[in-house]
Structure formats: C-alpha cells, structure tokens
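Take a look at the protein below. Where do its buried residues sit, and what do they touch?

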Amino acid sequence: MIKPASLPLLVLLGTLPAAIHADTSYTINNTTADAFLAAGSAGNPAGSDLTSLNFGGAGTLAIASASSTKGEFDSLIKFNLAGAVSQFDTTYGAGQWEITGLTLQLASNFGVQGSQPNNNIFNKINAGSFGIQWLSYDGWTEGSGGGTGSPGFPGNSAVSLDSKPTLFSGAHHSLGTFTYTPPGNNIYASYALALNSGLLADAAGGGDVSLYFFAADDDVSYLFNARSFASNHPELTISVTSVPEPAYWAAASFSLVAFAVLRRRL
C-alpha cells in the first residue's frame, strides 16, 4: 500500500523525462588503408635499406625492432568511422552519446610462436611488447594495387619509413604499450586503446583515424593480416553510452527541489 506522503514523490518522478543509459557498440571490420614500413638489414634478403620503399599492398603488417635479424618493421593503419557515428547519431541523437571504449582486434595466419612466415623478409614470430600511437595526420597513402607495394614488388612512392617526419608532423599521442603473446593461427588478439582526448575527438568526428605500431622491446616479432588479405582483417570496436540532454538534468533538479519543499510541508 502506498502511503499518502509518498504520492508527491511518485508524481514528481513521473514528470521526469526518461533517460536511457544503455551501452551499444559498432565494429568496423576492416581498415581503409594500411602498410608496413621497413628499414631493412644486412640479414634481410630484401636488402639493407628499405626505408624509401612502400609496402602498402603486402596483405600483412609487421612489427619488429631495429635490432631484429631482418631489421625494423613499423606498421600503419587507417579506419574510417563514418558508419559508426551515423549509427550512434541515429540511435541516440547527434551529440547525445560519448565513447567509452575503443578495442582493436588483430589476427594472423602466422600466429604460432617460433613459426617462420612464407616470405623470408619477415622475422620468425616471437612474443614481446609493442606500442600504438594515434596520429592526427591522416593524409598518408597506402600505395597502389597491381602487386606494387608487396614484399616481392615494393613501390617507391606513397608511405614508407622515410615518411615518419610527415606522419608525426601533427598531434600524436600514445595509446598504450601492449604485450603480444602469439595466440595461434587465425585467432584474434584484442587490445583496449587508451581514451586519449585527441583520439576521442577524432573518432567522434566520423572521419579517418590513423594508428601507428612500433616495437617496444627487442623481442617482439608480430605479423598480422592487412586489409587486402583474404580473411581476418583488422577490426576496431567502438563502445558508447548515451548522454542525457541538458533539459533532463534541469527537470531533475527542479523536481528534487520541489519534492524537498513538499516534504517540509507534510
């Protein structure tokens, strides 16, 4: 049975607009551009200086330190978030949601510790640490198709290791250092990215988001599939939550004040 003194509270609560706080997510199941960047070494069959060459059509991406047998490998990927932002705007309304998580998923057909990829340009797969940075600069080009940019047929235009000064010419921030433990072939490994303010603003804008990968120790040798590979492409999952409109908080505050006044009168 509802006591009469409780009725004002129920009436006031009934006047509050409904606030939906359910989370939702959107997964982008491939990049729009990607490339690995190689330095080369004396032990690399492709040569000791690969810094000016483009590997944007390789089908795979790589991370290794400069001290590795085959030399340094960095990688670069770009996601487009237009579809995600469109979904969230439709679900919650423009400006009525915020990002609560960004999770990267990577897989490889060479994901077993100690395995040697088919192309001898790459190091054997090895566990270790790697870092990811967000780049505000999105103007880089992956490279052309038709085989150009592959390990066997590298290009001499578009993005390369020599492009680093340009890639880092704008704002750039660390999104974390991660441990790579080879999970097995064609098994995704997930990495939760730090929610840097620059990355969040970039992602919420619905355009391109560029991520740069590099070795964080001398042990790591990580190979993961690129967008041009047949399957298991890089994925990015964006999680969001709704943000109540300012009018909701104004109505809530008014109702609470009114309730306090009524309680004093009862």
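This is a predicted model: local features need pLDDT of at least 70, side-chain atom pairs count only at pLDDT 80 or more; totals for chains, interfaces and linings use all residues.

**Helix α2.** Helix α2 spans residues 82–92, and its buried residues are Ala-84, Val-85, Phe-88 and Tyr-92. Why do they lie on the same side of α2? They do so because they cover an arc of only 95 degrees around the axis. An α-helix has 3.6 residues a turn, so residues three or four places apart point the same way. After α2 comes Gly-93, with a positive phi near 100 degrees.

In soluble globular proteins, nonpolar side chains tend to be buried together. The table sets out two such groups.

| Core | Size | Members include |
|---|---|---|
| Largest nonpolar core | 49 residues | Leu-104, Leu-211, Phe-213, Tyr-222, Ile-238 |
| Another core, apart from it | eleven residues | Ala-35, Ala-39, Trp-140, Tyr-212 |

The residues named for the largest core are those with the most contacts inside it. Strand β5 (residues 97–106) gives the most to this core, with five residues. Now take Phe-213.

**A buried lysine.** Lys-70 sits in the loop between β3 (60–64) and β4 (73–80). Lys-70 is buried, yet it has no salt bridge. How far away is the nearest side chain of opposite charge? That side chain belongs to Glu-72, and it is 16 Å away. A polar atom of the Lys-70 side chain lies 3.1 Å from the backbone oxygen of Phe-122. Beyond its neighbours within four places in sequence, Lys-70 also has contacts that include Gly-40, Asn-44, Gln-116 and Asn-123.

Terms used: Residues are numbered from 1 along each chain as its sequence is written. Side-chain values use heavy atoms; hydrogens and water are left out. Buried means under 20% relative accessible area, exposed over 50%, partly exposed in between (1.4 Å probe, protein chains only). Helices (H or I, at least four residues) and strands (E, at least two) are DSSP runs, numbered from the N terminus. The arc is that of the directions from the helix axis to the C-beta atoms. A nonpolar core is a set of buried Ala, Val, Leu, Ile, Met, Phe, Trp, Tyr and Cys residues joined through side-chain atoms within 4.5 Å. Lys and Arg count as positive and Asp and Glu as negative; His and the chain ends are not counted. A salt bridge is a side-chain nitrogen of Lys or Arg within 4 Å of a carboxyl oxygen of Asp or Glu. A polar contact is a pair of N or O atoms within 3.5 Å; within protein, one must be able to donate a hydrogen and the other to accept it, and residues adjacent in sequence count only if both atoms are side-chain atoms. Contact means heavy atoms within 4.5 Å.
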